[in-house]
Amino acid sequence: MIGRICTRNFSSKAGKKVGFMGLGNMGFSMMRNCMSHGYEITAYDVDNKVMEKAEELGAKIAPDVKAAATDQDFCLTMLPNTDIVEQTRLGSNGIFENAREGSYIIDSSTISPIASRKMAEEGEKLGFKIADAPVSGGVTGAAAGTLTFMVGCKKDYYEEIEAFLKSMGSNIFHCGAPGTGQTSKICNNLMLAIEMIAVSEGIALGEKLGIDPAVLSKICSTSTSSCWSLNSYNPRPGILEGVPSSNNYEGGFGVSLVKKDLSIVLDSAAEVNLDLQFGTKAIEFYHELERQGKGKKDFGVVYQYIKSLEKK
């Protein structure tokens, strides 16, 4: 049984009522931290089991998007892809049809920056305060409330959005106009997807050449190859506790989601006529893992795939 959480006083000029839509690996922890800062949550997710857990924490449960969005100060979405965000915002009985004029409509999903800008334009016409605010920090950052938020919105209401997001994160950046948050996020995830492959190749090579992978990781963590994928999310099982690689690659940043993000990256690059050769190669790795049935495994499982490869 999940106990109700204690709340801390947290003032916001914009109000405390939040419609929270999307309670996956990231969203549930984000909602919980939001509640701990005194926000009143109305939650919606397609998974009834996670809805039951949210209710046990003290959230009000909504039967659909319409109910979650009605009469809220903030509406926050944390959803898998662009199509679902568009449906949730623009669809019949969606957020834009039911949210209160003047409310803050924030999307923390990772989606197309082009689609994000178009939805912002539509939402602004309807009188909403729109922001894209994707996150970085993974499931560990979501649980700890230390996420980084990359916010794209008009400057005149960034202050209130920042105050709200501080309930879930410790690093909040105003990137610029609507869509720039998503631009920041896809660039970050491009680097991350490639970085994880590079870390996996280095550790796999070192292990096959006879060095203890824990020793190699410690050396590299204080050397020029030091990075998040190595220090905080090491893909080799047994080196770090509390990360997906030490839990059979469960509960982290899924391979299919990484592949989805890289697809957004490559589509966006095509829009500006940029040839991303490492990004193109990286998506092949994650596509192969998905083909092998590992789409729901954490993307650090690429280490196991690389370790199994033999030069022909």
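Biologist: Is C153 buried or exposed?

Modeller: Buried means under 20% relative accessible area, exposed over 50%, and partly exposed in between (1.4 Å probe, protein chains only). C153 has 1% relative accessibility, so C153 counts as buried. This is a predicted model: local features need pLDDT of at least 70, side-chain atom pairs count only at pLDDT 80 or more, and totals for chains, interfaces and linings use all residues. Residues are numbered from 1 along each chain as its sequence is written, and side-chain values use heavy atoms, leaving out hydrogens and water.

Biologist: How many disulfides does the whole structure hold?

Modeller: A disulfide is a pair of cysteine sulfur atoms within 2.5 Å. The search finds zero. For C153, the closest cysteine sulfur is in C175, 9.2 Å away, so too far for a bond. C220 is in no disulfide either; the sulfur of C227, its nearest, is 8.9 Å away.

Biologist: Which residues is S103 in contact with, beyond its neighbours within four places in sequence?

Modeller: Contact means heavy atoms within 4.5 Å. S103 meets Q72, D73, F128 and K129 that way. S103 is also buried, at 2% relative accessible area. A polar atom of the S103 side chain lies 2.6 Å from the backbone oxygen of R100.

Biologist: Which residues touch the most other members of the largest nonpolar core?

Modeller: A nonpolar core is a set of buried Ala, Val, Leu, Ile, Met, Phe, Trp, Tyr and Cys residues joined through side-chain atoms within 4.5 Å. Here they are M30, M31, I41, F149, V151, F164 and L165, in a core of 37 residues. Another core, of 33 residues, lies apart from it and includes M196 and L216.

Definitions and conventions: A polar contact is a pair of N or O atoms within 3.5 Å; within protein, one must be able to donate a hydrogen and the other to accept it, and residues adjacent in sequence count only if both atoms are side-chain atoms.
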